[in-house]
Amino acid sequence: MIVLIGAQWGDEGKGKATDLLGDRLDYVVKFNGGNNAGHTVVIKGEKYALHLLPSGILTPGVTPVIGNGVVVDLAVLFQEIDGLEARGIDTSRLRISANAHVIASYNRTLDKVSERYLGARRIGTTGRGIGPTYADKMNRLGVRIQDLFDESILRQKVEAALSFKNQVLSKIYNRQAVKVDEVVAELLSYVDRLRPYVGDTALELSQALDEGKVVLCEAGQATLLDVDHGTYPFVTSSNATAGGACTGAGIPPTRIDRVVAVLKAFTSRVGEGPFPTELHDKFGDYLREVGHEYGTTTGRPRRIGWLDLVIGRYAQRINGVTDFALTKLDNYDGLDEIPVCVAYEVNGVRHDEMPVNQTDFHHAIPIFETLPGWKQDISGCRSFDDLPKDAQRFVEFVEQRLGARISIVGVGPGREAVIERHSVLGG
């Protein structure tokens, strides 16, 4: 089993890494998050933006799975399915865990009004109800996929949730109370179409591994957005690290063979929170435009910074990374020099590892080493030896500082624009 995670704040190109492995995979599992993140995959010049569905759904013969750790907006699910089928993509293989939680309309409402209420202290959520749905899960007020197939249980759960939430909506936010009947009717409207996809996916995945099939667990978001290990509170509401694959898919850690972390050749993030290498100059604007750095799900312009290897080493340690995929190396083609953050200075003290204290991280000043650029188009390179010497040196420098091998190098937007230095399936 392979776990594929993001090594920064997301948007590293995990969909492309999944797509590269393509026909070597049997199952691709989304194990956390919801439709608050997106993967953009380019196939033969066609761009596919996926928000909830695993990117493996684009590969014939692969079984895509939405695991129990995901929260599911059913309207978005079927919009994506309809959109793909209209473009000739077969979605009939999709499997959805009966234990995945459902995003109800009141979760979306609470997400939006609470974020507005926070004002300057806002987290920067997408307003899609992800956080409130996970809160319901932890408070044992959640609605699961399987509940939709028993109307009596569904009604009881919705009533229990709204008995409290309607008080909050009306008395704190001055909003209208949500009607139980309307929520139940909306959720029940999906039942007939949903039923063929739903099952015991943890059992199915266990059986697949027993049969020697290749399973890839694909994270939504990334390490620095993990609710436990990210830049809290500016994080997502689930575990986007390798450990989250076990709980979010129902697969034990003893079955993990490789952990692949996707690292963009520079750094970006969407939303609020500290960002030591953030750029507010022409270089930030250049990298944003050449890399088309706008949110797949929200369209928001991403905050841009130089590559931060302190974060990269942290991701390697937290996730047990065996292989890195370095993406968007070609975005540096036009630069004379490339600064890379190798450590931080906090109050005159050098930190080679992530400061444990959030205040220290917020005040961290990056310490850079500057590498020469290569000033030529590398998008046609298909082997490491094809790269200009300075591009090779950049990759080797980053690899040495990360403490794990760089097995994949992305040199362009298409699925073919990849250099595979080592096989992540071959050990």
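1. Ala104 sits in the loop that links strand S8 (101–102) to helix H3 (105–118). In this predicted model, Ala104 has a relative accessibility of 3% and therefore counts as buried, the cut-off being under 20%. Asp73 lies 31 residues from Ala104 in sequence, yet the C-alpha atoms of the two residues are 7.3 Å apart in space.

2. Lys165 belongs to helix H5, which covers residues 151–171. Is Lys165 buried or exposed? Its relative accessible area is 8%, so Lys165 is buried. The side chain of Lys165 makes a polar contact of 2.6 Å with the side chain of Asp136. Leaving aside residues up to four places away in sequence, Lys165 touches Tyr106, Asn107 and Leu110 as well as Asp136.

3. Helix H1 (residues 14–21) is largely enclosed by the rest of the structure, because 8 of its 8 residues are buried. Just after H1, Gly22 adopts a positive phi of about 35°.

4. An open sheet is formed by 10 strands with mixed pairing, in the order S9-S7-S5-S2-S10-S1-S11-S14-S18-S19. Its edge strands, each pairing on one side only, are S9 (198–199) and S19 (418–420). Within the sheet, strand S11 (residues 258–264) pairs with strand S14 (residues 323–327) in the parallel sense, over 5 bridges. Leu263 has Leu326 of S14 as its bridge partner.

5. Which strands does H1 lie across? They are S1 (2–6), S2 (27–30), S10 (215–218), S11, S18 (405–410) and S19. Relative to S1, the helix runs at about 155°.

6. The largest nonpolar core comprises 58 residues, and those with the most contacts inside it are Cys217, Leu329, Tyr332 and Phe394. Helix H13 (residues 389–402) supplies the largest share of this core, namely 6 residues. A second, separate core has 46 residues, among them Val72, Val76, Phe78 and Val113.

7. On the scale of the whole protein chain, the secondary structure amounts to 13 helices and 19 strands. The radius of gyration is 22 Å, close to the 22 Å given by the globule rule for 427 residues, so the chain is as compact as a globular protein of that length. Taken along the principal axes, the C-alpha atoms fill a box of roughly 65 × 50 × 40 Å.

8. Two further totals complete the description of the chain. Of the 427 residues, 57% are buried. Among contacts between residues at least 6 apart in sequence, 75% join residues at least 24 apart.

Notes:
Residues are numbered from 1 along each chain as its sequence is written. This is a predicted model: local features need pLDDT of at least 70, side-chain atom pairs count only at pLDDT 80 or more; totals for chains, interfaces and linings use all residues. Side-chain values use heavy atoms; hydrogens and water are left out. Helices (H or I, at least four residues) and strands (E, at least two) are DSSP runs, numbered from the N terminus. Buried means under 20% relative accessible area, exposed over 50%, partly exposed in between (1.4 Å probe, protein chains only). A polar contact is a pair of N or O atoms within 3.5 Å; within protein, one must be able to donate a hydrogen and the other to accept it, and residues adjacent in sequence count only if both atoms are side-chain atoms. Contact means heavy atoms within 4.5 Å. Two strands pair if DSSP finds at least two bridges between them. Axes are lines fitted to C-alpha atoms, for helices over the stretch in contact, and angles run from 0 to 180 degrees between N-to-C directions. A nonpolar core is a set of buried Ala, Val, Leu, Ile, Met, Phe, Trp, Tyr and Cys residues joined through side-chain atoms within 4.5 Å. The radius of gyration is taken over C-alpha atoms; the globule rule is 2.2 Å times the number of residues to the power 0.38.
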